[in-house]
Amino acid sequence: MATIYHIAERLGISPSTVSRALSGRGYCKENTREQVLRMAKELNYAPDHAAKMLKTRVTKKILFAVPDICNPFYFDMIHGINSVIEEYGYLLILLHTKNELDEELRAIQTLREKYADGMIMVSFDFNDRNIDAINGLGAPVVLTNRYESDGGNDRFHYVYVDTYLGIRQIVRHFIGQGMERIAYVGGSLQEQTGGERFRGYSDAMEEAGLRVHPEYVQEADYTERGGYLAGQRLLQSALLPQAVALANDLMAFGFMKACEERGVIVPDDIAVAGMDNLDIGARVHPKLTSVDLQVKEIGRHAARILMQLLHDEQSDIRNVRLVPQLIVRESSMRK
């Protein structure tokens with residue numbers, strides 16, 4: 001592999017002159033710069049980023065940690081992140097944490113070991129252990145959930161969409177059509193995300209004076225299979241619910257599959273709504289009512305904050321709350 005020393009030897013100039021010509025920093029005669037660039041191309045020269053990183057301590061890389069790389073929800077978030085960091089010459093490294101705390105801690109340790117300059121992190125359950133690890137870092141981190149420690153001395157920022165409000169929007173939509181037996185399928189109630197979304201459901205039911213039936217509340221992982229299995233359990237109820245609010249679209253697709261197998265018609269027998277507003281939701285039958293979580297905007301805001309932190313542009317940084325929007329389609333509308 002060609003180095004600046006090979007170029008310098010071929011041209012009979014100093015390595016420092018070659019370095020200035022290639023970097024564009026410092027004085028270098030224009031004709032010398034042109035000679036260096038031509039020779040670099042002839043020798044197929046590529047900069048040694050590892051050596052540069054050792055010198056500058058800047059990797060020009062960002063970590064993006066997600067709990068489920070199979071969920072297309074994160075594709076739009078990646079698009080939003082890249083639209084910002086590419087302007088700064090940064091690359092994105094995707095880490096799959098599998099919704100496991102040990103994997104999240106490993107991702108945090110990866111940043112501690114300086115494999116990247118900063119991280120955007122998604123988790124269904126920010127808690128004392130992963131938050132303490134993040135606060136102990138010397139590198140910037142942006143979360144995509146709201147979290148504030150009791151002491152108020154957090155060293156991270158966050159961008160989040162109010163999914164509590166999103167689930168309330170779904171339940172109110174059902175109630176507005178006269179439905180009272182409303183079920184809920186979501187993640188673990190012991191986790192941050194699962195608990196927040198369940199509270200959106202239960203608070204909306206309580207506000208309307210409606211009872212939350214324990215058999216109508218099903219916990220599942222945020223996958224199509226999780227929604228399918230929850231659907232099989234719900235459809236065994238002695239009295240079927242009139243509507244089901246699901247905490248993401250993948251679970252809604254799985255639930256609708258369970259309905260199809262049982263001969264339960266959506267929305268005539270059960271109205272269904274999900275959350276994420278995945279593109280495929282507008283192409284299934286019936287088209288899926290869903291809550292739009294502004295995924296690209298989450299990515300853009302998170303990346304913008306991270307770039308500001310990395311470039312010491314911190315004067316106007318604010319944590320960001322985004323408001324969800326219910327997109328009503330066929331699956332939730334009774335005829």
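Predicted model: local features only at pLDDT ≥ 70, side-chain atom pairs only at ≥ 80, totals over all residues.

Residues are numbered from 1 along each chain as its sequence is written, and side-chain values use heavy atoms, with hydrogens and water left out.

The secondary structure of the chain consists of 12 helices and 12 strands; helices (H or I, at least four residues) and strands (E, at least two) are DSSP runs numbered from the N terminus. The radius of gyration is 26 Å, well over the 20 Å that the globule rule gives for 335 residues, so the chain is more spread out than a compact globule. That radius is taken over C-alpha atoms, and the rule is 2.2 Å times the number of residues to the power 0.38. Along the principal axes, the C-alpha atoms fill a box of roughly 90 × 45 × 35 Å.

Among contacts (heavy atoms within 4.5 Å) between residues at least 6 apart in sequence, 69% join residues at least 24 apart.

Where do nonpolar side chains tend to be in soluble globular proteins? They tend to be buried together. Here the largest nonpolar core has 73 residues, and Met77, Phe174, Tyr201 and Val272 have the most contacts inside it. Such a core is a set of buried Ala, Val, Leu, Ile, Met, Phe, Trp, Tyr and Cys residues joined through side-chain atoms within 4.5 Å. Leaving aside neighbours within four places in sequence, Val272 is in contact with residues including Phe174, Val244, Phe255 and Leu288. A second, separate core of 20 residues includes Leu63, Ala133, Ile134 and Leu143.

Helix H10 spans residues 224-234 and contains Leu234. Its buried residues are Gly226, Gly227, Tyr228, Ala230, Gly231 and Leu234. These buried residues of H10 pack against strands E6 (182-186), E7 (217-219) and E8 (243-246), and against helix H11 (249-262). Leu234 has a relative accessible area of 0%. Beyond its neighbours within four places in sequence, Leu234 is in contact with Ala183, Val185, Gln218, Val244 and Phe255, among others. The C-alpha atoms of Leu234 and Ala258, 24 residues apart along the chain, are separated by 9.7 Å.

Methods:
Buried < 20%, exposed > 50% of the residue type's maximum accessible area, 1.4 Å probe, protein only.
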